[in-house]
Amino acid sequence: MRIGIGYDIHRLVPDRPLRLGGVDVPAPVGLAGHSDGDVLLHAVCDALLGAAALGDIGSLFPDTDPATRGIDSTRLLGIVLERLHAAGHTVGNLDTNLIAQRPRLAPHQAAIRERLAALLGLGPSHVSVKIRSNEELDAIGRGEAIAAQAVVLLHPTHAD
Ligand code: MG
């Protein structure tokens, strides 16, 4: 089996959508970024790529590429999963931290977890999304950014 870790942080800015784990969260601010800024999916992609030693999201999808400007990050995750499966890996389980002082994300935790599980083709019992504030410390605590951490386990794909 293989284990991978991912981390990402994006600035909160006005006039951007707030999309987390592929779920649109209604909020007066959203996440800056070349893509849709889905910080949680970016951390998940990096954990998956890291576990398979297949590079990282920055090298796979450079933010200088006009083709990925504003792209829905679920499409990036789809490409990452294709690469993983081609390399003989299957996702076992995923654990994540979503770290935000604002907006309050607890009401969206279940929807984000279910969406993540669906995107990965896993049952909800294999996907965890833990919502954390930053105790009003640092840029996240001031409501200037949202960060995400992810850990995944991969196992070899078994031929049926
Ligand atoms: Mg990112």
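Biologist: How do the axes of helix α1 and helix α3 sit relative to each other?

Modeller: Keep in mind that this is a predicted model. To read a helix pair, look at the distance between the axes and then at the crossing angle. Here helix α1 (residues 39-52) and helix α3 (residues 73-86) have axes that come within 10 Å and cross at roughly 10 degrees. Angles under 35 degrees count as roughly parallel, so α1 is roughly parallel to α3.

Biologist: Which residues in α1 meet α3?

Modeller: From α1 you have Leu41, His42, Val44, Cys45, Leu48, Leu49 and Ala52. Their partners in α3 are Ser73, Thr74, Leu76, Leu77, Val80, Leu81 and Leu84. Sorted by class, that contact has 11 nonpolar, three polar and no charged residues.

Biologist: And what is the angle between α3 and α4?

Modeller: Those two pack at about 40 degrees, with axes 10 Å apart, α4 being residues 109-120. That makes α3 and α4 oblique to each other. On the α3 side, Thr74, Leu77 and Leu81 make the contact, and they meet Arg115, Leu119 and Leu120 in α4. By class, the count is four nonpolar, one polar and one charged.

Biologist: Now salt bridges. How many does a search of the whole structure find?

Modeller: The general idea first: side chains of opposite charge can pair when their charged atoms come close. In this structure the search finds five salt bridges. Take Asp36 and Arg19, whose side chains meet at 2.9 Å, N to O. Asp36 sits in the loop between β4 (29-31) and α1, while Arg19 is in strand β2 (residues 19-20), so this pair ties together parts 17 residues apart in sequence.

Biologist: Are Asp36 and Arg19 buried or exposed?

Modeller: Both are buried. For Arg19, the relative accessible area is 18%, and buried means under 20%.

Biologist: Which other residue forms a salt bridge with Arg19?

Modeller: Asp72 does, with the closest N and O atoms 3.9 Å apart. Since Asp72 lies in the loop between α2 (57-60) and α3, and Arg19 in strand β2, the pair links parts that are 53 residues apart in sequence. Asp72 counts as partly exposed because its relative accessibility is 27%.

Biologist: What about the salt bridge between Arg142 and Glu144?

Modeller: Their side chains meet at 2.9 Å, N to O. Arg142 is exposed, with a relative accessible area of 54%, whereas Glu144 is partly exposed at 39%. Elsewhere, salt bridges that share partners join Arg19, Asp24, Asp36 and Asp72 into one network.

Biologist: Let's do the metal. Which residues coordinate the magnesium ion?

Modeller: The magnesium ion is coordinated by Asp8 through OD, His10 through NE2 and His42 through ND1, at 2.0 to 2.3 Å. Along the sequence the donor residues are spaced D-x1-H-x31-H. Asp8 and His10 are both buried.

Biologist: One last spot. Where is Glu135 placed?

Modeller: In the loop between β6 (127-132) and α5 (138-141). Glu135 is exposed, with a relative accessible area of 63%. The C-alpha atoms of Glu135 and Gln101 are separated by 7.5 Å, and the two residues are 34 apart along the chain.

Methods. Residues numbered from 1 in each chain as written. Predicted model: local features only at pLDDT ≥ 70, side-chain atom pairs only at ≥ 80, totals over all residues. Heavy atoms only, no water. Axes fitted to C-alpha atoms, helices over the stretch in contact; angles between N-to-C directions. Helix = DSSP H or I, 4+ residues; strand = E, 2+ residues; numbered from the N terminus. Parallel < 35°, antiparallel > 145°, perpendicular 65-115°, else oblique. Contact = heavy atoms within 4.5 Å. Nonpolar A, V, L, I, M, F, W, Y, C, P; charged D, E, K, R; others polar. Salt bridge = Lys/Arg side-chain N within 4 Å of Asp/Glu carboxyl O. Buried < 20%, exposed > 50% of the residue type's maximum accessible area, 1.4 Å probe, protein only. Donors = N, O, S within 2.8 Å, 3.2 Å for Na, K, Ca; no water.
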